[in-house]
Amino acid sequence: MDDLKVFSGNAHPALAKAIAEYLGIPMGEAEVMQFSNENTFVRILENVRERDIFIVQPISSPVNNNLVELLIMIDAMKRASAHRITAVIPYYGYGRSDRKDQPRVPITARLIADLLTVAGANRVLTVDLHAAQIQGYFNIPVDELTAVGLLTENFKKGNYKDLVAVAADIGATKRARDVATRLDVPLAIMEKRRLGNNDKTETLNVIGEVKDKIALIVDDEIDTAGSLIGVTNTLFERGARDVFACCTHPIFSGPAVDRIAGSRLNKLVVTNTVPPKNGKLSEKVVYLSIAPLLGEAIRRIHTGQSVGAMFEK
């Protein structure tokens, strides 16, 4: 493991440190800062020549700053003659812009893939992409981990009766089906329509039986929490006894914190792919650490073992 180095930008240093602790290695030393003119500066403070480098940096708020930091760190490692550079991106920002669903709009998720490749990344390690086909935007290897097992274990321990997994929308059906299979519970699906580009949605229908049951809403990320609260209210209106939720990426932008804190939601279980936002959410939101999952994947990539074997029964 002497050739393995884990570095971090300013996006989520606590997660990078936890990954390094799992691997039993010290954090790589680097200076990552902004000048007064907002230009990002990176300097690697140790020898990385012919080393296996993993840069941990979710593309989370502030999204553009963190993305540029990651690109510049990759370039610095390449120019310092690193043997292999893996961009560890727990949250892949711009992942929702994965197709042309309107005239004259970009496919930004593809643009980010091109930028990472041109910067010098040799492979990417990420968690629960918004759409699995984003892997196809890359011409370098991509390892996509899933937090479904981590999230469902939390509910297995709770031993809830009459549980039903609920897909937050049609796009979340596969993820919700995986949760339902792991928990051996039925599946329901929320049908909703997105209104324009302003993060507003209208819940239309519930496909499945939720009356007198404990509903578990499943989604990949929570942004402004508008959809989450709409689904929660609809489930209570349809007779659900309690409503829980789980997601991989707790973005919690804009009014999300206030919406969740003031909602009828019983509990929300998330991971720390992005830095946690506690405060008034501390009693309602449960954070699970994604560090062991990422750390084990890094160890397997470094030693040439199968990453997929981590998820085999």
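The largest cavity has a volume of about 50 Å³. A cavity is a set of points, on a 1 Å grid over the protein atoms alone, where a 1.4 Å probe fits but cannot get out. Grid points are joined across faces, edges and corners, and a volume is the space filled by probe spheres set on the points. The structure under study is a predicted model, in which local features need pLDDT of at least 70 and side-chain atom pairs count only at pLDDT 80 or more, while totals for chains, interfaces and linings use all residues. Residues are numbered from 1 along each chain as its sequence is written, and side-chain values use heavy atoms, with hydrogens and water left out.

The structure holds 1 cavity of 30 Å³ or more. Lining residues have an atom within 4 Å of a point. For the largest cavity they are Pro90, Tyr91, Tyr92, Thr126, Val127, Asp128, Leu129, His130, Asp220, Glu221 and His249. Helices (H or I, at least four residues) and strands (E, at least two) are DSSP runs, numbered from the N terminus. By class, the cavity lining has 5 nonpolar, 3 polar and 3 charged residues. Here Ala, Val, Leu, Ile, Met, Phe, Trp, Tyr, Cys and Pro count as nonpolar, Asp, Glu, Lys and Arg as charged, and the others, Gly among them, as polar.

The second largest pocket holds about 200 Å³ of space. A pocket is an open set of points with protein on both sides within 12 Å along at least five of seven lines. Its lining consists of Thr146, Gly149, Leu150, Glu153, Arg182, Ser289, Pro292, Leu293, Met310 and Phe311. Helices α4 and α8 are the elements that give two or more residues to this lining. Helix α4 gives the most, with 3 residues. The pocket lining has 5 nonpolar, 3 polar and 2 charged residues.

Helix α4 also has a buried side to its account. Buried means under 20% relative accessible area, exposed over 50%, and partly exposed in between (1.4 Å probe, protein chains only). In α4, Val148, Gly149, Leu151, Thr152, Asn154 and Phe155 are buried. These buried residues pack against α5, β11, β12 (242-250), β13 (267-271) and β14 (285-288). Just after α4, asparagine 159 takes a positive phi of about 50°.

The nonpolar interior comes next. A nonpolar core is a set of buried Ala, Val, Leu, Ile, Met, Phe, Trp, Tyr and Cys residues joined through side-chain atoms within 4.5 Å. The largest core has 43 residues, of which Ile19, Leu125, Leu145, Leu216, Leu294 and Ile298 touch the most other members. Helix α8 (residues 291-303) gives the most to this core, with 6 residues. Another core, of 33 residues, lies apart from it and includes Leu70, Ala82, Ile85 and Ala119. In soluble globular proteins, nonpolar side chains tend to be buried together. Contact means heavy atoms within 4.5 Å. Beyond its neighbours within four places in sequence, leucine 125 is in contact with Thr86, Ala87, Val88, Ile89, Asp143, Leu145, Leu294, Ala297, Ile298 and Ile301.

In helix α1 (residues 13-23), Leu15, Ala16, Ile19, Ala20 and Leu23 are buried. Seen down the axis of α1, they fall within an arc of 140°, so they line one face of the helix. The arc is that of the directions from the helix axis to the C-beta atoms. The face turned away from the buried side carries the exposed residues Ala14 and Glu21. The buried residues of α1 pack against β1 (4-8), β4 and α8. Alanine 16, at 0% relative accessibility, counts as buried. Residues up to four places away aside, alanine 16 touches Val6, Phe7, Ser8, Met27 and Val56. Its C-alpha atom is separated by 9.6 Å from that of phenylalanine 54, 38 residues apart along the chain. Glycine 24 follows α1 and has a positive phi, near 75°.

Several loops show backbone features. A cis peptide bond joins serine 61 and proline 62, with omega about -5°. Proline 62 lies in the loop between β4 (52-56) and α2 (63-79). Aspartate 162 has a positive phi of about 55° although it is not a glycine. Aspartate 162 sits in the loop between α4 (148-158) and β8 (163-167), and is partly exposed, with a relative accessible area of 44%. Aspartate 184, also not a glycine, has a positive phi of about 55°. Aspartate 184 is placed in the loop between α5 (173-183) and β9 (187-195). At 71% relative accessibility, aspartate 184 counts as exposed.
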